Each structure stands twice: as structure tokens, then as C-alpha cells.
Amino acid sequence: MVYKKGQKITTIMLFLLPSLLGLLLFSLIPIGSSLYLSLTEWDVIGGPPQFIKGDNYLNILKSEEFWRVLKNTLYFIILYLPLILISSIAVGTILNRKYKGIAIYRTLFFIPVLTSWVAGALIWRWVLSPEYGVINALLGYIGIKGPGWLYDKTWAMPGIVLASIWKDTGFFGLIMLAGLQGIDPTYYEAAEIDGAGRWGKLWKITLPLISPTIFFVTVISIINSFQLFPQIMVMIIDRNFAAGHVFVERIYQYAFKYYKMGYATAFSWILFLLIFLVTLLQFKLQKRWVSYDT
Amino acid sequence: MIHKEKRKKGSRSKTIFYLLTTITSCFMLVPFFWMVVTSLKERGALMVIPIQWWPEKISFKAYQELFSIDFPFARSIANSLFVAGMVTFITVMSAAMAAYVFAKINFRGREILFSLYLATMMIPSQVTMIPNYLVLKYLGLLNSFTGLMLPSIFNAFATFMLRQNMKSIPDAYLEAAELDGASHITIFFRIILALSKPALATLAVITFMGAWNDYLWPLIILTERRKMTLPVGLSLLNGQYSSRYNLLMAGALISMIPILIVYAFAHRYFEQGLSIGGIKR
């Protein structure tokens with residue numbers, strides 16, 4: 001709007017230059033070359049990339065490993081999503097009350113959000129230790145023999161889920177809180193006059209009115225679930241343990257341990273497509289349960 | 001009668017509230033408690049049954065050892081502070097400069113260029129990280145802090161966030177400054193940056209946190225142990241001393257301190273930033 005005349009193009013360029021250079025070098029060129037690389041076979045050290053068309057994609061989709069990775073990811077999502085929705089709505093509701101000491105509570109939930117995933121995962125690897133960890137000790141007090149958690153192929157993912165709930169509840173709780181604060185209190189007053197109970201108010205007022213927030217949290221959680229990495233790397237040390245194979249971890253292994261760059265980039269594009277399709281599907285389905293009229 | 005009923009209901013709701021609060025607080029606290037307790041134990045007290053909820057003898061050995069073992073732990077803290085600080089500066093400056101152009105200076109193709117910025121936000125970093133690694137390899141910047149930090153000059157999300165903010169600065173301010181003969185550079189520093197301080201602080205705080213906690217990118221770029229950042233160092237420690245939990249817990253605890261200090265001084269910016277930046281974590 002300003003500076004229509006007499007502006008020096010060089011000054012504009014000076015302001016834009018670092019960002020544009022970065023856009024080119026670290027975004028546009030990489031996206032293009034990654035598309036090309038995914039159609040080649042290349043180990044970096046040897047000759048130039050060998051063009052092999054869609055073979056990488058076919059080989060990935062034909063591999064038993066890909067379906068196992070997808071299965072592990074879905075297992076994570078099935079456990080994580082309902083738990084994070086419940087815990088973040090609960091925490092959001094608690095934070096919405098104006099009781100004394102709520103600031104401490106808020107900080108308590110926020111510390112894991114600030115902590116690096118590596119530190120959080122270290123803590124949880126120890127907390128979930130089958131013999132010497134606190135979780136199994138607590139379970140022992142009520143007479144339950146705790147599972148082998150991260151060393152057991154059925155219980156490894158639930159262990160990762162527990163740690164993730166601990167890490168993420170504060171963050172999503174704050175987002176839910178913002179949604180809850182947007183509800184007009186007169187709705188509740190009207191419902192009380194109509195004789196609605198606590199559950200009635202939750203199901204008929206609160207949840208429908210924060211459905212856009214729930215939708216947002218669902219979309220973000222699912223995107224994040226496809227991108228699990230530090231918690232897997234730190235909590236499951238044995239890279240051959242099949243229950244701990246997930247997308248980003250596999251991509252990392254193929255690219256930087258086996259130097260199969262073509263295969264790894266193809267894997268990353270499949271991951272992108274999956275995320276894209278799942279997100280698209282959720283936006284299509286949202287009409288059925290998300291209401292934006294308040 | 002009605003009044004009595006309501007009070008009863010109120011106290012029951014309060015009980016449920018406190019019960020829920022206590023249970024969830026325990027779930028949050030126990031891991032931290034276990035971390036602190038473990039870091040104060042001696043090696044022999046780690047693997048005992050039944051587990052010790054409190055160390056028989058409080059010992060700071062793990063902390064001493066952390067800095068004396070054959071592992072550059074102190075160095076990794078210094079590296080992380082340097083890298084996180086620089087990445088924050090580079091990201092905020094580069095994004096602010098670009099945002100100024102996108103918000104306030106007209107030129108042909110501006111909107112198309114800006115939509116290109118937004119489009120790149122859709123591509124997850126896992127897709128670009130392999131070619132980024134290769135670009136830095138060709139530039140001879142692998143295993144260097146320059147290589148680690150260089151990609152921060154482009155951050156579509158940061159640019160977008162600051163542009164939205166700068167758009168709200170009235171053009172009249174800029175026009176007045178221009179009449180006084182101020183150059184773009186003066187206007188940028190004296191007016192634009194000065195008026196976007198809250199947004200800059202919010203962005204700086206979440207960028208610092210992201211950089212301080214970043215794991216995958218430094219893991220790929222840095223190969224030399226002396227150059228490791230803290231999260232990578234911790235994960236190496238995890239592989240090397242996988243059963244020395246007192247050492248690992250002491251390391252985890254130390255890694256949390258700087259970010260908690262920043263949080264103590266700027267918690268409002270943190271919460272704001274995280275709720276805006278939810279998508280780009």
C-alpha cells in the first residue's frame with residue numbers, strides 16, 4: 001500500500017533475500033529433488049542415482065514391513081486419540097474453574113510440554129521398567145502383575161501412548177480451555193431451568209459447542225501420530241524390535257543408516273500422501289459431527 | 001428446599017473436581033518425582049526390589065559423574081544454548097524482514113509468492129530433510145553449526161504469523177515516517193519491529209523451545225560427539241549407559257532447567273505461541 005513510487009527494488013530484495021534463498025534452497029529444490037530421488041536407487045557414496053521409475057513405491061507397498069508400520073501407527077492412534085480427547089477435555093474443564101491454586105495445576109501440566117521429547121522419553125523408559133519402574137510397582141500394590149511394557153510386543157505401544165498422553169495433555173488441554181471459554185454461560189442457565197443434569201449438559205451443550213475444537217485437536221493429533229519419532233528412538237533402543245517400527249523411524253533408518261536414499265524418500269512421500277488423505281477425509285466427514293453455529 | 005438441594009449438588013461437584021484434580025496431578029507428578037529421586041540415588045540403589053521411593057542415602061554422585069565421564073556433557077549444554085539462541089535470532093530476523101515486505105510493500109507477484117510460502121507448510125519436514133541433508137553435504141556444511149542453523153533462514157509459519165501481525169500496523173505511521181525522510185531500514189527497525197514486540201517475543205519463545213528440544217535434524221547433521229546438542233547427547237547417553245538410570249535422570253533434569261527458566265519469565269508468550277503454533281510443532 002505504501003511506497004508505490006520511488007521505492008528501490010534493491011531494498012525490497014535485501015529484505016526478502018535471506019527468506020527467499022531459504023525457500024529455494026531448503027524447500028523448493030528439496031521438494032523437487034526428493035520427488036526425483038524417490039524414483040531412483042542411490043546410496044550417495046557410489047555413482048549417480050539410477051532411475052528405476054516407480055519401483056521404490058511398489059517395493060514399499062509390497063513389503064510386509066510397510067503394513068506393519070501402518071499397523072503400529074494405527075494401533076497408536078486407536079489408543080492415543082480417545083485418551084487424549086478425554087484427558088484434554090478434563091484438564092480444560094478443570095482449568096476453566098476459578099479455584100485457588102489453579103495456576104500451579106496449569107504449570108504442572110505445562111512442564112512436560114516444555115520438556116524435550118528426549119528427556120521425557122528417558123524418564124518414561126525408566127518409569128515403565130518392568131522390574132524396577134514405578135508403574136509396575138504401583139500396579140503391584142493393588143495386586144496386578146504389570147506387563148513387560150517396552151519389551152513386550154503387545155504392550156510396547158501402550159507404553160509409548162502413556163508417555164505421549166503425559167507429554168501432550170497440557171498442550172491440548174489449553175486448546176480445549178480456549179474452546180470452553182468461548183461457550184456462552186446462558187446456555188447452561190437455560191439447560192438448568194429445563195432440569196438438565198451434569199451429563200445432560202456435557203452431552204447436549206458442552207461437547208457440541210466445542211466440537212470445532214475437538215475436530216482441531218483430532219486433526220493435529222492424527223498428523224502428529226503419523227510422525228512419532230523421538231519417543232520411539234529413545235524408549236525402544238532395539239531397532240530390530242518390530243513393535244517399535246513407525247514411519248519416521250523407518251525413513252531415518254533407510255536414509256541415514258542404510259543409505260538407501262531413493263527408498264527412504266519414496267517412503268517419505270507415501271507418509272505425506274497418507275497424512276494428506278487422512279486429513280482430507282476428516283475435513284469431508286466433519287459435516288456429520290462438527291457444528292459451527294453458536 | 002431448592003436452596004439446600006443446590007448446595008448439596010455444589011459440594012458433590014466440588015468433591016468430584018478435587019478427586020479428578022488429584023488423580024491427574026499424580027499422573028503428571030509421579031514421573032518427575034521418580035526422575036528427581038533416581039538422580040539422587042547411588043548406582044547400587046537403582047535396581048532393587050521392592051523399589052525405593054526415597055533414596056536411603058541422598059547422593060549427588062550422578063551429577064558429578066555426568067560431567068566427569070568420557071562424554072562431553074557440559075559441552076553439549078553450551079552447544080545447545082548457542083544453537084538455540086542463534087536459531088531463534090536467525091528465524092525471527094529473517095521472518096520479520098520478509099513479513100515486512102509481504103505486509104507493507106506492494107510489488108507485482110507478491111500474493112503469488114506468499115501463497116507459495118503457505119503451500120510449503122503442507123509438506124512435512126520428513127520429505128525435505130533428506131534433500132536438505134544432501135544440499136548441506138554439497139555445500140560442505142555437514143557436521144557444522146552453520147549447516148545445522150542455515151535452514152532456519154526460511155520459516156513459512158513464522159513469516160505468516162508476523163505478516164498477519166504487521167498488517168495491523170496503520171499505514172499512516174509509515175507514511176509519516178517516510179515524509180520525514182526515513183529509509184526502509186529505519187522504518188523497519190524503528191516502527192515495524194518496535195510495534196510488533198509482543199508477536200516477536202511470542203515467536204522467539206516458541207522458536208527457542210523448538211530449537212532447544214529439536215532432535216531429528218541435529219541427529220542427522222551432527223556426527224562429531226563434541227558438536228552434539230543436548231537432546232542428541234542425551235539420546236547417545238541413553239544408548240551408551242542404558243542401565244545407569246541415575247546418570248540418565250540427572251541428565252534429563254539438567255536439560256529441563258534452561259527452558260523452565262525461560263518459561264518462568266515469559267509464560268504468557270509460551271501459551272500464546274503454542275496455541276497459535278499448534279500446527280507447526
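Helices (H or I, at least four residues) and strands (E, at least two) are DSSP runs, numbered from the N terminus. With those labels in hand, the tour can start; the model on screen is predicted.

**Stop 1: a loop in chain A.** Select Val44(A), in the loop between strand E1 (40-41) and strand E2 (50-51) of chain A. Val44(A) is not a glycine, yet its phi is positive, about 70°. Most residues other than glycine have a negative phi, and most peptide bonds are trans.

**Stop 2**

**Stop 3: a pair on one helix.** Return to chain A and select helix H3 (residues 64-96), where Glu64(A) and Arg68(A) lie 4 residues apart, about one turn of the helix. Show both side chains; Glu64(A) and Arg68(A) form a salt bridge, with 3.3 Å from N to O. Side chains of opposite charge can pair when their charged atoms come close. Over all chains, the whole structure has 12 salt bridges.

**Stop 4: between the chains.** Now show chain A and chain B together and select the residues in contact: 96 of chain B and 90 of chain A. The two chains bury about 8800 Å² between them, and 76% of that is on carbon and sulfur atoms. How many salt bridges are there between chain B and chain A? The count is 0. Polar contacts are found across this interface, in 12 residue pairs with both residues at pLDDT 80 or more. On the side of chain B that touches chain A, helix H1 (residues 2-39) gives the most, with 20 residues. Colour that side of chain B by residue class to see 66 nonpolar, 19 polar and 11 charged residues.

**Stop 5: a surface patch.** Finish with Leu273(A), Phe276(A), Leu277(A), Leu280(A) and Met122(B), which make a nonpolar surface patch of about 460 Å².

Technical notes. Residues numbered from 1 in each chain as written. Chains lettered and ligands numbered in written order. Heavy atoms only, no water. Contact = heavy atoms within 4.5 Å. Buried area = accessible area lost by both parts, 1.4 Å probe. Salt bridge = Lys/Arg side-chain N within 4 Å of Asp/Glu carboxyl O. Polar contact = N/O pair within 3.5 Å; in protein donor to acceptor, adjacent residues only side chain to side chain. Nonpolar A, V, L, I, M, F, W, Y, C, P; charged D, E, K, R; others polar. Patch = residues over 30% accessible without salt bridge, like charges linked within 9 Å, V, L, I, M, F, W, Y side chains within 5 Å. Areas by Shrake-Rupley, 256 points an atom, 1.4 Å probe, with all protein chains shown as cover.
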